[in-house]
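Please read these notes with the model open beside you. Take the points in order and find each residue as you go.

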Amino acid sequence: MVLFLQQMINGLSVGSIYALIALGYTMVYGIIRLINFAHGEIMMVGAYIAFILAVNTSLPFILILLISMVLSAVIGVLVERVAYKPLRKAPRISVLITAIGVSFFLQNLALVIFKADPKIMPELIEKKPIAIGPLQVGTVTVTTLALSIVFMIALDLFVKRTKPGKAMRAVSEDKDAAVLMGIHVNKTISLTFAIGSALGALGGVLYGITYTQVFPTLGVLPGLKAFIAAVLGGIGLIPGAVLGGFVIGMIETITKAYLSSQWSDAIVFGLLIIVLIVKPTGILGKNEKEKV
Amino acid sequence: MNNKMLKNYAINLAVVILIFTGLMGMMATGMLNKYHQGIIIFILINVILASSLNLVTGFLGQLTLGHAGFMAVGAYASALFSVALKGQMPNLLLLIISLIIGGIAASIVGIVIGIPALRLRGDYLAIITLGFGEVIRVVINNIKITGGAQGLTGIPRIASFQSAFWIAALVILVLYRLTHSKQGRAILSIREDEVAAEAVGVRTTYYKVLGFAIAAGFAGVGGGLYAHYIAFLDPNTFGFMRSVEILVIVVLGGMGSLTGTIVAATVLTILPEALRGFSDFRMLLYSFMLIVMMLFRPQGLFGTGEFSWQTLYDRTKLVHSALRKREKRGGIDGSTGSK
């Protein structure tokens, strides 16, 4: 029982990282209907920025985190401006291919700059176990979970209570109507990319600390899983991404601990297939009527 | 088949034979060495894979991201067959039978996956095929018969340039005939407007699954050729990134253009090799060029049209007659000719 609870907490911690990354996917999809394949690479960039800062400076952890998030947000907006914005009226699949191109580009840029071998991430969070009753929980796990929840609440408040948040919701609901209401659509899209990338970078830094290393293809697998999480919860929906992230994290941890670590990926993808067949719009998604 | 079409086929056959003899000649004289020959075989394999995906994505209008899964099924099925029967029959016969087996196996998997998956549309279909592709990879990675993560060895190296060339040509011919048949028009109507197609009596589910199964089968043949050229199979080469590479060829060539696919497969296979001189910067330049090509030509190199000698001939004739008219009206400078 204690072991099971311990695994559950690990699952929550991994799941919160997936949820942070899934938020970026779902927000971008919600606003421009693009599967942003470069998002996993933004996460990797965030992890590398934190790595550089941690090795070369003695800044406190929280400052490193914030700098990494801001810089990644700038890169995310830049990617949107250069590679996606010129194609806003092109077929959607072309944008998908440029997203894949950007993803390759960032991966190979990291490969050229940092080489292929994994770099050890310095211990940004002091590692010691905290005892909660009979449970031993690592500081990294607790910090990851706490930071994720703080930022998720902040995002929720931002989207629901502020004017730019309202604009974001309006644009994802109906872009043309939003323009008529005087909303600056391009600025709103950039803002969405900035927030999504910052959260992705946060996920990247936490991922790097949890697994103690950074490497150029760091973003590929968690990116793919976070994307699945976003679809599972209902793509385009912010609560869906959070729910999906936690579900994927839990299932992955439990299957790895109790069933088989080789088959855990197949189980995660199998679950995705079942959910899509039964309810294609995801757990929280509403069914849309098909129009002629 | 009317005369004009027959003429077209004759011209195309002549061009294909010309290319074949040209390449054979260059190999015989040593202008193309073993390394070049390998690249050409990879181009041909990519042509098979991408043109089959083009049937689903370009002609049927269904975005899928799991094509490498079918390639893997075909590669493993054909390789297991030829490993078992190695040396018991002539190489060419063994290759052909094992490729057919690979194609059928991939086709069956395609039907099994296609029936539930093709109920979904757009991005959801892309995601579910991605899921199926990854499941196939993980399964191959973890079962005994395929050699698991260590890979499958001992495959006879019986695929050559000649066999790859003619198989690729055959695949293109079959796909071309299919897309220009009654079934092909039904498939195109699903791409243009699925609801309208259904309303006029096209059996959309049947044609979607049919298209999917044919594409999966040809992907299996491509996988089988790959297996018998490389002679070693590693399950992780059939991951999501391989599916993406095939999709990139299709989109860059133009969705719904087989000739575009051939050109794009050639360009995108040669490009990373041609950039080898830049060593570390090779893939960086490759991805950069990919983005630039997409930004300047979002509809792909050929759009949905096909390259044909007839249209090229017609166009040059048109230009010629226009020029002649201008000459008659006085002067090619166009001062009086233009309206």
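1. B:F42 is partly exposed, because its relative accessible area is 27%. The scale runs like this: buried is under 20% relative accessible area, exposed is over 50%, and partly exposed is in between (1.4 Å probe, protein chains only). This is a predicted model, in which local features need pLDDT of at least 70, side-chain atom pairs count only at pLDDT 80 or more, and totals for chains, interfaces and linings use all residues. Residues are numbered from 1 along each chain as its sequence is written, chains are lettered from A and ligands numbered from 1 in the order in which they are written, and side-chain values use heavy atoms, with hydrogens and water left out.

2. Now look at the ring partner. Rings of Phe, Tyr and Trp (its six-membered ring) pair if their centres lie within 6.5 Å; planes under 30 degrees apart are stacked, over 60 edge-to-face, and the rest tilted. The centres of B:F42 and B:Y226 are 6.2 Å apart and the planes meet at 55°, so this pair is tilted. B:F42 sits in helix α2 (residues 34-59) of chain B and B:Y226 in helix α9 (residues 204-230) of chain B, so the pair links parts of the chain that are 184 residues apart. Helices here are DSSP runs (H or I, at least four residues), as are strands (E, at least two), numbered from the N terminus. B:Y226 is buried, at 8% relative accessible area. Ring pairs also gather B:F42, B:Y76, B:Y226, B:Y229 and B:F238 into a cluster.

3. How many aromatic pairs are there over all chains? The search of the whole structure finds 21. One of them joins A:Y48 and A:F51, edge-to-face, with 6.4 Å centre to centre and 85° between the planes. Both residues lie in helix α2 (residues 39-56) of chain A, three residues apart, about one turn of the helix. A:Y48 and A:F51 are both buried.

4. Next, the interface. Contact means heavy atoms within 4.5 Å. In chain A, 43 residues are in contact with 40 residues of chain B. Buried area is the accessible area (1.4 Å probe) that two parts lose on being put together, summed over both. For chain A and chain B it is about 3,700 Å², with 82% on carbon and sulfur atoms. A:I93, A:I97 and A:F104 lose the most area in chain A, together 16% of what that side buries.

5. The rule asks for a side-chain nitrogen of Lys or Arg within 4 Å of a carboxyl oxygen of Asp or Glu. It finds one salt bridge across this interface. α4(A) gives the most to the side of chain A that touches chain B, with 14 residues. That side has 31 nonpolar, seven polar and five charged residues. Nonpolar here means Ala, Val, Leu, Ile, Met, Phe, Trp, Tyr, Cys and Pro; charged means Asp, Glu, Lys and Arg; the others, Gly among them, are polar.

6. Over all chains the count is eleven salt bridges. In one of them, A:R88 meets A:E80 at 2.2 Å, N to O. A:R88 is partly exposed at 26% relative accessibility, whereas A:E80 is buried at 1%. A:D156 and A:K160 form a salt bridge too, at 3.4 Å, N to O. They lie four residues apart in helix α5 of chain A, about one turn of the helix. A:D156 is partly exposed at 35%, and A:K160 is exposed at 54%. Shared partners join A:E80, A:R81 and A:R88 into one network.

7. Is A:L155 buried or exposed? A:L155 is buried, at 5% relative accessible area. Helix α5 (residues 139-161) of chain A holds A:L155. Setting aside residues up to four places away in sequence, A:L155 touches A:L23, A:M27, A:I195, A:L199 and A:I238.

8. A:G196 belongs to helix α8 (residues 185-210) of chain A. It is buried at 2% relative accessibility. Its contacts, again leaving out residues up to four places away, are A:G24, A:M27 and A:H39.
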